Amino acid sequence: MNFEFATAGRILFGNGRIKELAGIASSLGRRALLVSGSNPQRIQPLLDLVAQNGIQTELVRIAGEPTIPAVSDAVQQAKAFAADLVVGIGGGSPIDAAKAIAALATNPGEPLDYLEVIGGGQPLTEPPLPCLAVPTTAGTGAEATKNAVLASPEHKVKVSLRHPLMLPDIAIVDPELTHSMPPAVTAATGMDALTQLIEPFTCCRANPMTDGFCREGIRRVARALKTAYQDGSNAEAREDMALASLLGGLSLANAGLGAVHGFAGPIGGMFNAPHGAVCAALLPHVMSANVAALTDRATNDAELGRYREIAGILIDEPEARIEDGIAWVAGLCADLGIPSLSAFDIQESDIPAIVEKSAHASSMKANPIQLTTAELTDILQHAL
Ligand SMILES: [Zn+2]
């Protein structure tokens with residue numbers, strides 16, 4: 001047994017905890033750069049909250065998933081405003097952007113110097129600005145992860161800026177903030193949460209600490225996601241999903257992911273497709289391929305045992321078979337109206353390029369077993 005565990009400095013969880021935002025922000029800084037998503041009106045009350053207690057604020061809007069140029073512009077804005085605090089409020093995109101802006105505002109050079117895969121991959125040398133994360137969706141767990149996923153329009157790929165110093169100083173997870181999420185966003189982000197619990201539980205760097213989080217999170221998604229999708233004001237289901245999302249973030253940041261996320265990075269860079277919907281469309285097919293490859297080539301039964309355990313938790317039946325668990329996930333995708341990958345204009349002819357780019361993704365290396373080019377191709381064909 002050999003592992004490391006790190007997370008946000010403080011995590012505040014619970015309905016109504018958002019009321020503590022102004023007090024906490026004022027303990028971290030006086031000049032806050034607020035990073036929000038494409039619809040700041042939806043979170044205006046939260047922005048007003050930060051502006052209390054004598055905190056000066058400036059707003060940055062990140063429309064869609066953050067790109068390297070958008071983050072570079074925001075870093076300049078942070079410097080011009082002399083920001084001493086960055087607050088990310090919204091889904092995974094503005095929170096990831098806030099983490100990247102906080103890091104790049106204090107570290108010299110260009111974003112590319114620090115990016116994985118397409119850049120220099122240098123470690124950060126300076127502590128980032130204090131960063132406060134407030135999720136308003138339930139899926140990415142970005143409030144508890146040490147990376148920011150940034151799109152490079154130039155390279156047509158999404159890559160991570162990653163460093164332990166990028167863990168937010170404080171995360172406020174208030175399930176009530178997720179009640180207004182529309183059903184399609186609830187479905188896509190919720191399936192991302194499920195993927196981010198199944199992949200760390202089965203990946204080659206799984207550890208006993210994150211295993212506990214994964215079991216608890218999978219159980220909550222299994223009982224709550226469909227209800228949250230059908231009835232967004234169901235407080236119990238929203239609370240389950242907010243906690244499951246957080247547990248997924250804690251797990252992926254300390255264990256790793258797998259082939260679903262190995263594919264999702266390149267697909268997100270090449271096509272205009274929401275991350276959660278891409279993960280959902282791939283998840284049952286990646287589970288099937290991994291189970292088949294493990295059955296063929298694994299040297300022991302431990303990994304298959306994990307898939308058996310997942311099936312038992314999902315179906316709430318300890319004797320459930322692996323294939324029943326995979327069928328349950330596929331059925332949930334259907335119930336939530338998750339489209340196949342072809343809905344995002346991905347075609348058969350794109351598969352070789354996606355497979356080639358995915359082979360270099362960091363998440364692919366954490367997959368429980370190395371998949372062949374033929375197996376990766378087969379997964380995408382089934383997910384189209
Ligand atoms: Zn994800």
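**Sheet and helices**

Mentor: Start here: Val86 stands opposite Cys131 in β5. One caution: this is a predicted model, so local features need pLDDT of at least 70, side-chain atom pairs count only at pLDDT 80 or more, and totals for chains, interfaces and linings use all residues. Residues are numbered from 1 along each chain as its sequence is written, and side-chain values use heavy atoms, leaving out hydrogens and water.

Trainee: How many bridges do β4 and β5 share?
Mentor: Five, in the parallel sense, between residues 85-90 and 131-135. Two strands pair if DSSP finds at least two bridges between them. Strands (E, at least two residues) and helices (H or I, at least four) are DSSP runs, numbered from the N terminus.

Trainee: And what's the strand order in the open sheet?
Mentor: β1-β8-β5-β4-β2-β3, with parallel pairing. β1 (10-13) and β3 (56-61) each have a single partner strand, so one side of each lacks a neighbour in the sheet.

Trainee: Which strands does α1 lie across?
Mentor: Helix α1 (residues 21-28) lies across β1, β4, β5 and β8.

Trainee: Switching to α15: which residues are buried there?
Mentor: Glu375, Leu376, Ile379, Leu380 and Ala383. Buried means under 20% relative accessible area, exposed over 50%, partly exposed in between (1.4 Å probe, protein chains only).

Trainee: Why are they on the same side of α15?
Mentor: Because they cover an arc of only 135° around the axis, taking directions from the helix axis to the C-beta atoms. On the other side of α15, Thr373 and Ala374 are exposed.

Conventions. Contact means heavy atoms within 4.5 Å. Axes are lines fitted to C-alpha atoms, for helices over the stretch in contact, and angles run from 0 to 180 degrees between N-to-C directions.
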